[in-house]
Amino acid sequence: FCEGSHQDAVMCLSWNDKQRNILASGSADMTVKLWDLSLSKCAHTLSHHKNKVQAVAWHPVEAAVLGTASFDRTAQVVDVRNSSAKNPQWQLSADAESACWNPHSPNQFLVSCEDGIVSCIDIRVANKVLYNIQAHNSPANVVSVSSVIPNLIATASIDKTIKLWDTSNDKPSLISTVKSPIGTVLTSSFCVDSPFLLAVAGGKGTMNVINCFEQNGIAEKYQSYSHLSPPPAKPT
């Protein structure tokens with residue numbers, strides 16, 4: 001172990017796109033650590049949560065801003081340049097499962113929770129959630145936002161479904177429900193180069209790629225982005 005390593009399981013990681021030598025990690029030891037990879041050392045330890053840290057995500061624009069979410073049922077936003085300051089925080093409906101920023105609206109931080117709810121937070125408004133989605137009736141393991149297609153997000157759950165949502169005007173609506181080809185989905189990510197492709201991964205090393213444009217309602221909803229759709233898969 002490196003000096004300054006976590007004392008329990010590492011639950012999440014986030015690489016800083018603006019400062020490529022900086023990695024954030026969250027742990028069951030209730031801390032967040034900032035690693036300077038150029039020096040192979042822990043540069044700073046944050047202890048602002050009171051339970052396991054399940055999600056960390058660097059802000060898409062502000063290099064020093066880090067969103068975190070925890071089993072203490074809070075989401076918090078930290079300016080790592082002044083980590084001693086009191087962080088704004090938002091109460092969640094249940095233990096956090098995953099979190100991500102909305103690159104099209106960089107003030108929005110989304111957190112999926114164990115009770116199936118996805119909460120969208122406007123970080124300019126403390127202590128108040130912008131909107132909630134009852135995305136699933138079982139734990140919402142992951143929420144992902146397309147970095148190219150505005151208002152398109154995906155959620156997935158242990159119920160073995162993937163749901164595609166439109167969040168226009170901060171009024172989310174369900175577009176399509178997809179049966180997961182790999183069972184329970186533990187993580188997912190939209191492709192930057194082909195934005196209708198959603199990569200999903202689950203337990204036991206299972207992975208798959210879903211063409212969202214082929215799912216019910218997506219082509220009609222995002223017809224103006226049809227030129228970005230991938231070619232149909234060839235029969236095997």
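This is a predicted model: local features need pLDDT of at least 70, side-chain atom pairs count only at pLDDT 80 or more; totals for chains, interfaces and linings use all residues.

Biologist: Why is Asp122 called buried?

Modeller: Its relative accessible area is 12%. Buried means under 20%, exposed means over 50%, and partly exposed is in between, using a 1.4 Å probe and protein chains only. Residues are numbered from 1 along each chain as its sequence is written, and side-chain values use heavy atoms, with hydrogens and water left out.

Biologist: What makes Asp122 and Arg124 a salt bridge?

Modeller: Their closest N and O atoms are 2.8 Å apart. A salt bridge is a side-chain nitrogen of Lys or Arg within 4 Å of a carboxyl oxygen of Asp or Glu, so this pair qualifies. Arg124 itself is exposed, with a relative accessible area of 62%.

Biologist: How many salt bridges does the structure hold?

Modeller: There are 5. One of them joins Asp166 and Lys221, with the closest N and O atoms 3.6 Å apart. Asp166 lies in strand E15 and Lys221 in helix H1, so this bridge ties together parts that are 55 residues apart in sequence. Helices (H or I, at least four residues) and strands (E, at least two) are DSSP runs, numbered from the N terminus.

Biologist: What about Arg20 and Asp17?

Modeller: They form a salt bridge too, with closest N and O atoms 3.1 Å apart. Arg20 is partly exposed at 48% relative accessibility, while Asp17 is exposed at 58%.

Biologist: How do you know that strands E14 and E15 pair?

Modeller: Two strands pair if DSSP finds at least two bridges between them. E14 (residues 152–157) and E15 (residues 161–166) have 5 bridges in the antiparallel sense, so they meet the rule. Ala154, for instance, has Leu164 in E15 as its bridge partner. The two strands belong to an open sheet of 4 strands, in the order E13-E14-E15-E16, with antiparallel pairing.

Biologist: Why are E13 and E16 said to stand at the edges?

Modeller: Strand E13 (140–145) and strand E16 (173–179) each have a single partner strand, so one side of each is left without a neighbour in the sheet.

Biologist: Which strands form the other open sheet of 4?

Modeller: Its order is E9-E10-E11-E12, again antiparallel. Here strand E9 (96–101) and strand E12 (129–134) stand at the edges, each with a single partner. Within the sheet, E10 (residues 108–113) and E11 (residues 117–122) pair over 5 bridges, and Leu110 stands opposite Cys120 in E11.

Biologist: What makes a group of residues a nonpolar core?

Modeller: The members are buried Ala, Val, Leu, Ile, Met, Phe, Trp, Tyr and Cys residues, joined through side-chain atoms within 4.5 Å. The largest such core has 21 residues, and Leu152, Ile162 and Ile218 have the most contacts inside it. E14, E15, E16, strand E18 (197–201) and helix H1 (218–221) each supply at least two residues, with the largest share, 3 residues, coming from E14. A second, separate core of 16 residues includes Ala69, Leu92, Ala99 and Phe109.

Biologist: How do you know that Leu152 is buried?

Modeller: Its relative accessible area is 0%, so it is buried. Leu152 lies in strand E14. Beyond its neighbours within four places in sequence, its contacts (heavy atoms within 4.5 Å) include Leu164, Phe196 and Ile218.

Biologist: Is Thr74 buried or exposed?

Modeller: Buried, because its relative accessibility is 6%. Thr74 is found in strand E7 (residues 74–79), and residues that it touches include His49, Trp90 and Leu92.
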